[in-house]
Amino acid sequence: MLSNHLQNGIIDAPKLAWSRLPNSEDAENDVVGLRKKGDEGGGVESLDYEVIENYAYWEEQAQRGKLYVGYYVAVKWFFALLIGIGTGLAAVFINISVENFAGWKFALTFAIIQKSYFAGFVVYVLINLVLVFSSVYIITQFAPAAAGSGIPEIKGYLNGVDIHGVLLFRTLIGKIFGSIGSVGGGLALGKEGPLVHTGACIASLLGQGGSTKYHLRYRWLQIFNSDRDRRDLVTCGCAAGVSAAFRAPVGGVLFALEEVTSWWRSQLMWRVFFTSAIVAVVVRTAMGWCKSGKCGHFGSGGFIIWDISDGQEDYSFEEFLPMAVIGVIGGLLGALFNQLTFYIAHWRRNYLHKKGNRVKIIEACLISLITSIISFGLPLLRKCSQCPEADPDSGIECPRPPGTYGNYVNFFCSKDNEYNDLATIFFNTQDDAIRNLFSAKTIHEYSAQSLLTFLVMFYTLAVVTFGTAVPAGQFVPGIMIGSTYGRLVGMFVVNFYKKLNIEEGTYALLGAASFLGGSMRITVSLCVIMVEITNNLKFLPLIMLVLLISKAVGDAFNEGLYEEQSRLRSIPQLESKPKYQMRKMTAKEACGKRVISFPRVVKVADLVSILRSNIHNGYPVIDHSRNGETLVIGLMLRSHLLVLLQSKVDFQHSPLPCDPRNARSIRHTLSEFVKPASSKGLSINDIHLSSDDLEMYIDLAPFLNPSPYLVPEDMSLTKVYNLFRQLGLRHILVVPRPSRVIGLITRKDLLIEENEDSASMELQSTSVRAQHCDKRKVKWIGDMERPLLTGLLS
């Protein structure tokens with residue numbers, strides 16, 4: 001039977017545990033089991049990026065003329081425009097809300113502490129507690145998938161893994177309002193990672209035409225019926241999120257290319273760049289509107305940008321050694337941060353959070369209480385310092401009035417001309433604290449004791465806070481940590497070299513870059529982002545140096561932050577390189593289990609029984625030739641079978657194959673077989689069939705994939721892995737070594753001259769249509785355009 005032809009083989013994203021390939025039958029059972037026991041994601045399923053060229057596909061292609069092709073391409077660009085506008089507006093709303101909540105909180109606290117520090121402390125703690133409680137309540141009760149940064153889940157989606165709940169409408173709402181509460185509440189986390197997730201959610205909802213559950217679905221938006229097109233839109237959303245978070249459009253494009261995507265095309269590059277440009281325009285317009293005072297406390301704070309163009313003018317050769325030391329420190333502290341967060345998050349996931357949502361809420365509120373006590377109490381223990389002599393050229397006032405932004409904050413000082421250096425960075429919003437650490441012409445503003453105290457306490461808070469049930473990004477906390485020890489090194493360099501042109505803020509910038517490089521292991525995009533947010537191109541070589549050193553040091557200990565979190569969440573991503581052990585294995589050895597297959601015409605009762613007995617997502621379909629030989633005629637997806645069972649329009653009384661010329665396949669369109677992103681889709685338990693229905697038959701030939709990818713049984717698993725990942729496949733059939741060759745395709749056979757319908761290449765990037773080729777240059781052997789459809793079915 002079929003086992004002789006497939007050699008027990010269908011690689012359903014090969015199921016080797018150490019390779020973490022998606023949709024492995026055993027591995028998927030484990031992943032789904034973990035999710036069901038504890039939680040938010042709901043389950044993991046691979047995406048279908050392969051074009052299924054069945055009868056429905058070819059009929060839809062035949063109906064598409066030049067006008068539709070142009071309309072299809074135009075809609076892609078229009079959606080890129082909408083993604084940019086939507087993500088930009090979401091970022092503006094989040095930042096204005098966070099800055100106003102923080103502004104009101106500090107203004108009220110400073111007003112009260114003029115009379116009583118204890119009353120001000122109580123008010124400060126209560127406001128933070130209310131904001132954090134609102135965030136964790138939204139996440140636990142409304143949108144569990146919105147917890148965390150969301151970047152590991154989005155990386156998994158773009159790698160070919162769909163995690164239930166990650167891109168839903170309620171996740172988008174929970175991410176926006178949860179970020180406002182958690183960041184406004186003063187926790188040691190940022191809003192930049194959640195903005196990437198927000199952009200991806202907006203893109204996904206546009207790609208599928210809205211939300212079905214909340215009746216926000218619009219037919220004119222339901223254009224894209226494939227996971228491939230939605231993948232491209234989500235990529236645009238990720239770039240838009242970074243662009244909006246940092247006001248760094250070029251950095252957003254490079255971040256999408258370097259960190260989150262597994263497949264990239266030149267056409268996609270243009271659309272991603274266009275989306276990032278739109279975000280930049282929206283953000284700039286909003287900030288210009290807010291300058292008139294219409295946005296409340298949204299003033300010098302807000303969007304992350306720290307202009308240090310007036311800082312250090314030049315650097316000397318002897319400064320390279322302390323800069324290299326900063327890179328080493330960043331790699332060590334970044335690797336330690338990744339390992340500590342992994343252990344704590346593992347304990348949370350497997351023990352603490354299994355006790356229910358009440359424990360998650362109590363945990364977040366307790367961390368908020370501890371953070372408030374530390375940020376308010378530690379500056380009270382620090383002695384105030386004398387203000388330096390006023391420098392009219394610097395434009396820096398000392399001390400600052402209570403409740404205002406800037407350097408030299410007067411907090412719990414007995415004299416008017418004193419300031420509290422620890423309160424300048426601790427009792428402040430993170431954006432303004434980083435701006436103070438990066439500031440130039442403020443030498444000796446901070447003491448080494450204050451910076452070391454802040455580094456230890458904030459590092460500990462960031463490790464403990466990361467992993468709680470609130471939206472949490474690690475960009476800004478990482479910048480805070482890195483800029484603190486960078487400024488410490490800068491103080492040492494200033495005292496050692498005794499040069500007037502050395503700025504401590506320069507080393508704070510390099511420290512921030514080194515910690516992010518040592519933790520996240522991003523190089524190119526992070527380098528561009530740091531240049532864009534500081535508006536200083538002179539430091540580009542220095543940033544490159546510390547990033548290379550910190551990444552090299554961090555890689556010696558563990559993987560990057562997002563890779564570690566993906567492993568913790570059991571997101572089975574395909575890495576860029578196959579494991580070394582795969583070189584000694586073959587495709588046949590990776591298959592393992594016997595294949596469950598269907599005949600071409602299958603009884604409905606048998607179909608239902610098989611679907612209930614397993615959770616496979618792909619089934620080979622077999623038929624017999626005239627001489628009785630068993631042939632594999634294609635691959636049938638589980639999701640397509642469920643659609644056929646639910647509709648019932650293709651049931652037939654006869655067990656004989658149908659005539660393909662009777663136009664049966666036009667009863668379905670491609671859109672009927674599309675599963676909404678991040679949803680569970682149809683289940684066999686959702687379908688109700690009568691006893692008469694179970695006695696009917698279905699001819700699977702018009703609906704199967706007649707040309708699935710095949711590999712010989714003795715192909716090395718390394719080559720199978722590369723093929724699987726680079727093409728974005730979900731299934732590969734393993735077959736015996738072919739006995740004969742019917743043709744050979746070379747490069748020149750694929751260089752087909754385009755006719756006037758050149759835009760169709762946008763729609764069919766994975767297939768070459770025979771009607772577009774020059775008959776004099778390409779020789780077709782027999783009826784090879786659609787051999788399984790026109791040969792076997794006829």
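Is Glu-45 buried or exposed? Glu-45 comes out as buried, at 14% relative accessibility (buried is under 20% relative accessible area, exposed over 50%, partly exposed in between, with a 1.4 Å probe and protein chains only).

Some notes on the rest follow.

1. Ground rules. This is a predicted model, where local features need pLDDT of at least 70, side-chain atom pairs count only at pLDDT 80 or more, and totals for chains, interfaces and linings use all residues. Numbering starts from 1 along each chain as its sequence is written, and side-chain values use heavy atoms, with hydrogens and water left out.

2. Glu-45 and its partner. The side chain of Glu-45 forms a salt bridge with that of Arg-730, 3.2 Å from N to O (the criterion is a side-chain nitrogen of Lys or Arg within 4 Å of a carboxyl oxygen of Asp or Glu). Glu-45 sits in strand β2 (residues 44–46) and Arg-730 in the loop between α26 (717–727) and β14 (732–735), so the pair ties together parts that are 685 residues apart in sequence. Helices and strands here are DSSP runs numbered from the N terminus (helices are H or I, at least four residues; strands are E, at least two). Arg-730 is buried too, with a relative accessible area of 5%.

3. Asp-699 and Arg-600 meet through their side chains in a salt bridge of 3.1 Å, N to O. Asp-699 belongs to strand β12 (residues 697–699) and Arg-600 to the loop between β8 (598–599) and β9 (601–603), so this contact links parts 99 residues apart in sequence. Asp-699 is buried at 1% relative accessibility, and Arg-600 is buried at 5%.

4. A partly exposed pair. Glu-695 and Lys-603 also form a salt bridge, at 3.1 Å from N to O. Glu-695 is in the loop between α25 (691–694) and β12, while Lys-603 is in strand β9, so parts 92 residues apart in sequence are tied together. Both count as partly exposed: Glu-695 at 48% and Lys-603 at 23%.

5. The wider tally. The structure holds 27 salt bridges.

6. The sheet. Three strands make an open sheet in the order β8-β10-β11, with mixed pairing (two strands pair if DSSP finds at least two bridges between them). β8 and β11 (630–637) are the edge strands with a single partner each, so one side of each has no neighbour in the sheet. Strand β10 (residues 618–624) runs antiparallel to β11, joined by seven bridges. In one of these strands, β11, Met-636 is the bridge partner of Tyr-619.
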